[in-house]
Amino acid sequence: MSSNGFKDRIHAHLKYSIGKDEDHATVYDWRVALSLAVRDRIVDPWFESTKATYRTDAKRVYYLSMEFLIGRLIEDAMVNTGVYDDAKAFFDDAGVSFDAILHDEPDAALGNGGLGRLAACFLESLSTLGIPAMGYGIRYEHGLFRQRFEGGRQIEEPEDWLTQAHVWEFERPEASFEIGFGGHVHERGGRAIWRPNEAVVAQAFDTPIIGWKGEWANTLRLWGALPTTLLDLARFNAGDYAAAAEPEALARTISRVLYPDDTTDGGKALRLKQEYFFTAASLRDLLRRFEGEGRNLRDLPGKVAIQLNDTHPAIAGPELVRLLFDERGIPFDESVEIARACLSYTNHTLLPEALERWSEGLMGYLLPRHLQLIERIDDSHRAQYPGTSIIEHGEVKMGELSFVMAHRVNGVSALHSELMKKTVFQHLHEDHPNRIVNQTNGVTPRRWLRTCNKRLSDLIIDTIGEDWIGDAELLSELEHHIDNSGFLDRYISAKRENKAELSNWIGETMGIQVDPNAMFDVQVKRIHEYKRQHLNILETIALWQEMHDNPNGDWTPRVKIFGGKAAPGYHFAKEIVHLINSVASVINSDPVTKDLLKVVYPANYNVTLAERLIPASDLSEQISTAGKEASGTGNMKFALNGALTIGTLDGANVEIRERVGAENFFLFGMNADEVVARRHVEGHAWDAISKDPRLARAIDSLRNGTFARGDHDRFRGIADNVSGHDYFVVASDFTDYWRVSREVDEAFRNPGRWARMAAFNTARSGWFSSDRTIRGYASEIWDALPPRPLRSIAAE
């Protein structure tokens, strides 16, 4: 389609799809018309990709994930289809703000953090590489929650992204499955028959995900929950209107909210229902597709790869066995082997409490047949390998179930994969020594450099061309230019302009004036003790106290930026949020340090906010307790965009440091083995505090009401945690964190040195592309490489 043809499509959609003319069109109208015109460009390669998959008899990858944090799609889609410049020119000529149109699209509230953003990057990379794939998840109406602050405390409100039409999706009412819960199991003719006593309908909504250069598109299929009976008309006519609508309300509950609070029995039941709902619908869908081609189910592993993104879809193992054994009559042991050959599992945590467990009572109540199958799978596995049980102490352990039912289990960083073998899956690894493999996470360079940081990516294109967009490891060619003063000056200028833009946004939206010449020191991620936002804020308090005492000292001005949500039921994390905001309120109003230190915490961190913050960041805080972070992907995005890392030897930090060079990374803290040893030292936290007056003074400020208007108890829980049990060794790592933070200050005072270090981070971070990760999955786990180059398929 020509440039003029594309512009004609925008006009046509404005008139015929929106029902508006140019004189009366709003920003919303223009955005929807543009989105539909771009979607038109995607549909043809989407169809051709599907036809090519059938034509070449290619193996398909099915990626099951509770989250797909896709963010806004309009800009990504325009970049990948090559119409971004045409669209911008169209709106510039029309006198309509292109930036306003791009920012009118709501973030799709389909995830929370790294797990969901990783899934989104993987889908885009699968399309870029031309690997036939489909992502499966839930179409949440209200997402996790919209975060706002009231008196510094986190308030959760429902997301409203679907109050507008989601223009990228296609509703598929023909792709619907009835999903049952509860009931009982009886035998007939030697076969188990499950009779659920409750059911909902899973209906599909498809979003095409286009790859780089628009040559291949895969599908994100999300399931919405609908009632089997829309309305109880008898109750309605009897005047009991609430009861009449109850079936619809109960069904839609399943796809309303991501991660409902599971501190109640009802919350636990809803979570398990959600996990079974989308997993069962996805498996039936892929079997329908497979059987529709007239294939033998015993050939399923040769044509289907099913990736479980964490334990949320772990019920896929017993459900696939049920579909093969109970419904299709394949012998049990053979059904297990077929299922295992299809399934693989990505582990994302070393925290035992984060590996899901469901009580046998709940599992038996909601999924009685599945509990029977799990018991049989467990008995069979223990007969051969007695060291590990899937069911233990009245609980079904979903991590162990995922491991036993997968032919491959992967970690997401080199350190994480090795620690899995020694910790959470030690005994299973001993039983199956070749099952665990590593696939270090990655991020798509299209979204996380080309689209979100146009100033820097334009410089890179001017310097080495644009091939790096499709092969990020070509960024290494920048190394030849880093000592060129012209290149480095433009690199510094790009960062400066990004920071000025962010500082203006902070001023306009938050009323806080920040100096773009100060160091922008950023920690954005979900709030959790192991991620140690409380270590960061304690160091901030200590720094402020020293600056206040000696304002004329040789200080490096900093803007400390936080972002992230705390789970609604995670009280300690919510207290950390409250503390950060309370500290910000005091520090930002201090006339003595107003030019030296500011603390900023924008609410409702999401993909769009990440795209605003990351390109403007100078310092990336990756300070988790060593041995607790599986990988991280934010650390990769920051490094790619030229933010230097201050971090521990945790997760992918280890590999980032190896790639960018130890001289371009600020390392502090204990390693994983030292952390374990430190925990065994009696009184380790108090020992660290007694040796560091700065830390002692900062903790005292939590107890004396400095940040709570004299309330001595408000933050006592955090103070007591850090000075007491301190499982995440905040106190013991504080002194080294302070020391290295002052090294950061010194480096930042030398702009040329800092820029050179930052440029090496960009040049050496191309390895952390999700394209490289997906190639690893495809060759080492799925056996699902593209049948041949994309262009030859598209030409057929």
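Which residue in E18 is the bridge partner of Asp521?

Analyst: The bridge partner of Asp521 in E18 is Lys560. The model is predicted: local features require pLDDT of at least 70 and side-chain atom pairs pLDDT 80 or more, while totals for chains, interfaces and linings use all residues. Residues are numbered from 1 along each chain as its sequence is written, and side-chain values use heavy atoms, with hydrogens and water left out.

Lys560 itself is placed in strand E18; strands (E, at least two residues) and helices (H or I, at least four) are DSSP runs numbered from the N terminus. With a relative accessibility of 1%, Lys560 counts as buried, the term for under 20% relative accessible area, as against exposed for over 50% and partly exposed in between (1.4 Å probe, protein chains only). The side chain of Lys560 makes a polar contact with the side chain of Asn536 at 2.8 Å. Such a contact is a pair of N or O atoms within 3.5 Å; within protein, one must be able to donate a hydrogen and the other to accept it, and residues adjacent in sequence count only if both atoms are side-chain atoms.

Strand E17 spans residues 519-524 and runs parallel to E18 over 6 bridges; DSSP must find at least two bridges for strands to count as paired.

E19 covers residues 597-600. Leu597 and Val599 point one way from this strand, Lys598 and Val600 point the other way, and all of them are buried.

These strands belong to an open sheet of 6 strands, ordered E19-E18-E17-E20-E21-E22, with parallel pairing. Its edges are E19 and strand E22 (666-667), each of which pairs on one side only. In the stated order, E18 has E19 on one side and E17 on the other.

E13 and strand E14 (residues 395-397) are joined in the antiparallel sense by 2 bridges, and Ile391 stands opposite Val396 of E14.

His24 lies in the loop between helix H1 (3-17) and helix H2 (27-55), and is exposed, with a relative accessible area of 55%. The side chain of His24 makes a polar contact with the side chain of Asp21 at 2.8 Å. Between His24 and Thr81 there are 57 residues in sequence and 29 Å in space, C-alpha to C-alpha.

On a 1 Å grid over the protein atoms alone, a cavity is a set of points where a 1.4 Å probe fits but cannot get out; a pocket is an open set with protein on both sides within 12 Å along at least five of seven lines, and lining residues have an atom within 4 Å of a point.

The second largest pocket is lined by 28 residues, with Glu75, Asp99, His103, Thr451 and Glu501 nearest its centre. Two or more lining residues come from each of several elements, among them helix H3 (74-81), helix H4 (84-94), helix H19 (445-451) and helix H21 (485-510). H4 gives the largest share, 4 residues.

Of the cavities, the largest has a lining of 15 residues, and Leu73, Asp76, Glu124, Ile209 and Ile210 lie nearest its centre. At least two residues of this lining come from each of H3, helix H6 (114-129) and strand E8 (198-210). H6 supplies the largest share, which is 4 residues. The second largest cavity is lined by 14 residues; Leu69, Gly111, Glu159, Lys565 and Asn606 are those nearest its centre.

To return to the request: Asp521 has Lys560 as its bridge partner in E18, Lys560 is buried, and its side chain contacts that of Asn536.
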